[in-house]
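Good morning, and please have the sequence and the model open while I talk. I will go through the two chains one at a time and then look at where they meet.

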Amino acid sequence: MVRGDRIAAGSAFLAAAVAGFMLPDWIISLATIAFANGLVVLGLIVMWRAGLVSFGQALYYCMGGYAVALIGRWGGVTDAFLLVLVGGLSAAGISFVIGFLLARYREIFFAMLSLALSMILYGLLVKTESLGSTDGLNVIVPTFLGYAPHQEKLIVALYFLVLVVCATAALLVGAYFRSLAGALAIPVRDNELRVEFLGMSVSRLIHTKLVISALLAGTGGALAALAVGHVDPNMSYWTTSGEFVFITILAGAGSVGAAFVGSLAFESVRSFAFAMLPQLWEILLGSVLLLTILFLPQGLGSLIERLHWGREAKAP
Amino acid sequence: MLNAFAVLIDGLVYAAYLFIVAIGLTLIFGVMKILNVAHGSFFTFGAYGAASAVGIYFNRGLPEAGGYLLMVVLAMALGLVLGLILERGIMRWVYGRDEVVMALVTYAAFLILEDVVILIWGPGSYAAYQPLLSAGNIEIGELILSNYDLGLIAVAAMLAAACYWGLKFTRYGRLLTAVIFDRETAAAFGINVRVVYTVTFVIGAMLGALGGAIMAPKIAVTLGIGVEVIVLAFAVVAIGGMGSIEGAFAGALIVGICRAATVHLFPQVELFVIYAVMALVLMIRPYGLFVRAQPRKI
């Protein structure tokens, strides 16, 4: 990581942490959900760098959420760290298994098969009475290593949990991007056969990316479930996946931080638009997506990069 | 025996519906390589248009045949306008980009159109059951079937035949086939690919709207009908092979019969059987039943 980037990331984290004590509850709740969803977007970015777009990421998101709801209910586990870990790992486990199938697909076929798989989960959940059917399940109130906050304290505690998890994830994914396997993403996107001629297994590379992105999505789903206090089958519907893809396009695959900034922007605009112009919310969403694709194909993150580049070019 | 017959008829009705919805989607994908999410919007507009037509026409004592005609004409006109606006206004700027990017553009269009529906028709739901009632029922053995359902099967069969004939035996169909096989070569031989694209997109849109119009009397025309239709049509098209008309036909039949069988035998798995079938088929034939695997490019 360049030193400037490191300073920027550190100060952004500090600012977010300080904000946790300063801002009103509703903003904190909004940011909690936004950052939790940002993890899912980060997972999509991992895949997008290799040229893969999943229209079924909600599968893992939903899996993480339901894992939290179920072990809270049946296993009596209340520790937030444990719940989130289990949520993430269960999604990763599922993706490891279906990865053997999914890693063979590319482009639009990959998008559609992942969509089909997430719709299978949706159908299962809707039809299973013991899992709450369309009503979904309530999630228990979490504790943090024995600390059991309530009301406003809980909101802040969850916020910090999300913040810590996101920062860890951002560091690890950043390291992965700089590793050999991560750096090979772009060659894989450009030309798989050449990568194979270099002696790498493309399907194994992609399989790894699938598991990483599912781990992130499951963790995001688990955090979102804790923050909302409820899970329902719509977490697995294709429109949920569509929203994540939307944020990914908006953010661009340029950097790790973009996932969280993009997600925060999306949630803010959404709650704003819901309050101000509920009838036009999707028009707004669609127009932004369209304009981004047409005029900023690298995402909003590329605006910042362009500024950077301009500055460097000017320096003698 | 009765059960098997019921499954067959139900399956055929559902397959007919799926085929009508899927054929526009597969046509656009085959020619333009666009996975058109906005197909759901075409369906929605068609359904709302037909519901409006029913509201205007039925219960006035006019001859019923005119009502059916008005439904179809109004829906197809909406599809025509919508298709033209989308293709000329948006899609042509992203030709040649990644397939996934083009799919996302249509997703954006879909989001916008979902709200446009609310702006035009309001958030309430419409009932358009009159055509279904006026078509009446028929008894075959112990089964009571709606004539409208049987008509649906006939319409789907006619559409399939028309597409087959149109692609194989008309000038435009041959041009289309050339573009499907290789766009650049077709252009080099003097085919105006731009015009072919526009016409294909508009026809696809009109077929989507037609699907909505035909289904309107059978469902409650309400918000969100397009959302469900898209994934259904995707599943059908993916099973048959994207861009293949025969594939859409086979896919619709497979899905229709499978769904009818589960509805009669194991109703609890009805919702996901379609996607399970799709996943199963894709496991065995990654590109669908009727499409050959693509050679890898070096």
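This is a predicted model: local features need pLDDT of at least 70, side-chain atom pairs count only at pLDDT 80 or more; totals for chains, interfaces and linings use all residues.

Residues are numbered from 1 along each chain as its sequence is written, chains are lettered from A, and ligands are numbered from 1, in the order in which they are written.

Let me start with chain A. Chain A has 14 helices and two strands; helices are DSSP runs of H or I with at least four residues, strands are runs of E with at least two, and both are numbered from the N terminus. The radius of gyration of chain A is 19 Å, close to the 20 Å that the globule rule gives for 316 residues, so chain A is as compact as a globular protein of that length. That radius is taken over C-alpha atoms, and the rule is 2.2 Å times the number of residues to the power 0.38. Along the principal axes, the C-alpha trace of chain A spans about 55 × 45 × 45 Å. Of the 316 residues in chain A, 48% are buried, where buried means that 20 or more other C-beta atoms, placed from the backbone, lie within 10 Å of the residue's own.

Now two helix pairs in chain A. Helix α6(A), residues 151-178, and helix α10(A), residues 202-228, pack at an angle of about 170 degrees with their axes 11 Å apart. Axes are lines fitted to C-alpha atoms over the stretch in contact, and angles run from 0 to 180 degrees between N-to-C directions. α6(A) and α10(A) are therefore roughly antiparallel, the word for angles over 145 degrees. Residues in this contact include Leu158(A) and Val162(A) of α6(A) and Ile212(A) and Leu216(A) of α10(A); contact means C-beta atoms, placed from the backbone, within 7 Å. By class, the contact has ten nonpolar, one polar and no charged residues. Nonpolar covers Ala, Val, Leu, Ile, Met, Phe, Trp, Tyr, Cys and Pro; charged covers Asp, Glu, Lys and Arg; the others, Gly among them, are polar.

In the second pair, the axes of α3(A) and α5(A) come within 8 Å and cross at roughly 35 degrees. Here Ala58(A), Leu59(A) and Cys62(A) of α3(A) meet Leu117(A), Ser118(A) and Leu121(A) of α5(A).

On to chain B. How many helices and strands does chain B have? There are twelve helices and two strands. Its radius of gyration is 19 Å, close to the 19 Å from the globule rule for 298 residues, so chain B is as compact as a globular protein of that length. In chain B, 51% of the 298 residues count as buried.

Last, the interface. Here 37 residues of chain B are in contact with 36 residues of chain A. On the chain B side, α4(B) gives the largest share, 15 residues. That side divides into 32 nonpolar, one polar and four charged residues.

Conventions: Angles under 35 degrees count as roughly parallel, over 145 as roughly antiparallel, 65 to 115 as roughly perpendicular and the rest as oblique. Two residues are in contact if their C-beta atoms, placed from the backbone, lie within 7 Å. A residue is buried if 20 or more other C-beta atoms lie within 10 Å of its own, exposed if 12 or fewer, and partly exposed in between; C-beta atoms are placed from the backbone.
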